[in-house]
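Q: Could you take me through some side-chain contacts and strand pairings in this structure?

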Amino acid sequence: MLKLRRQKEKVDGKRGLNPPVGGCPNNPAGTNCKTMKGIIGKKIGMTSIFDPSGKQTACTIIEAGPCVVTQVKTKDSDGYNALQLSFGDKNDKHSNKAEKNHFAKASTSPKRFSKEFRDFAIEKNIGETITVDIFAEGDKVEVVGTTKGKGFQGVVKRHGFHGVGGQSHGQHDRSRAPGSLGNSSDASRVMKGMRMAGRTGTDRVKLKGLKVVKIFPEQNYILVSGSVPGYNGSIVLIQK
């Protein structure tokens, strides 16, 4: 016990003598730390645009914001720095008293969706608005969404199995079957991680490295390259 205590004092002494340079307020160690910008949006659909050279690029249209800052968290009051953004109007009769009081502090009506962004790169006060102007054309962003729900699906649709080949030599109606599931007498069970039929979709997915192709500030539209998870009308998060 005394040895462990001495080791802890030695480590603490090193930390005191060599504090991290440029560390993040939420991460004193200074590892994996960066400021970020983000906004809540709604997926509208897909389209394609052409650049001056004639190259076609598939894009996803997202209605990003405007989002209201409904809460500001600081390291002194909450232990970390963050902004809570809210998006989408909500009917008063569908909001409880706690929600109404929370959004009243920001002088705004109740919102449908709220998301917290840590270490926001832009200083904002409660009640202010964030729009697509925080991004610029050419920026690389990350988009987080929930994939479409497919329900219970077989191995062909869920994992891309191709069946057992030709239907000959007794292989009748086996083209969509999973095949053998594992050992018999040795393990006498199906091994963990076996790819089988089951629920498909409704997974939280983050796509990285998407490019901001074009921004329409008047309509609060932002076009990002490629596809974005989710159905048309689903909520997505855009962050940089």
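This is a predicted model: local features need pLDDT of at least 70, side-chain atom pairs count only at pLDDT 80 or more; totals for chains, interfaces and linings use all residues.

A: Residues are numbered from 1 along each chain as its sequence is written, and side-chain values use heavy atoms, with hydrogens and water left out.

Q: How many aromatic pairs does a search of the whole structure find?

A: The search finds 1 aromatic pair. Phe117 and Phe120 form it, edge-to-face, at 6.2 Å centre to centre and 75 degrees between the planes. Rings of Phe, Tyr and Trp (its six-membered ring) pair if their centres lie within 6.5 Å; planes under 30 degrees apart are stacked, over 60 edge-to-face and the rest tilted.

Q: Is Phe117 buried or exposed?

A: Phe117 is buried, at 1% relative accessibility. Buried means under 20% relative accessible area, exposed over 50% and partly exposed in between (1.4 Å probe, protein chains only).

Q: And what about Phe120?

A: Phe120 is also buried, with a relative accessible area of 12%.

Q: Changing topic, which strands does strand 7 pair with?

A: Strand 7 (residues 140-146) has 5 of its 7 residues buried. It runs antiparallel to strand 10 (residues 204-216), joined by 6 bridges, and antiparallel to strand 12 (residues 235-239), joined by 3 bridges. Strands (E, at least two residues) are DSSP runs, numbered from the N terminus, and two pair if DSSP finds at least two bridges between them.

Q: Which residue stands opposite Val144?

A: Leu237 in strand 12 stands opposite Val144.

Key: Helices (H or I, at least four residues) and strands (E, at least two) are DSSP runs, numbered from the N terminus.
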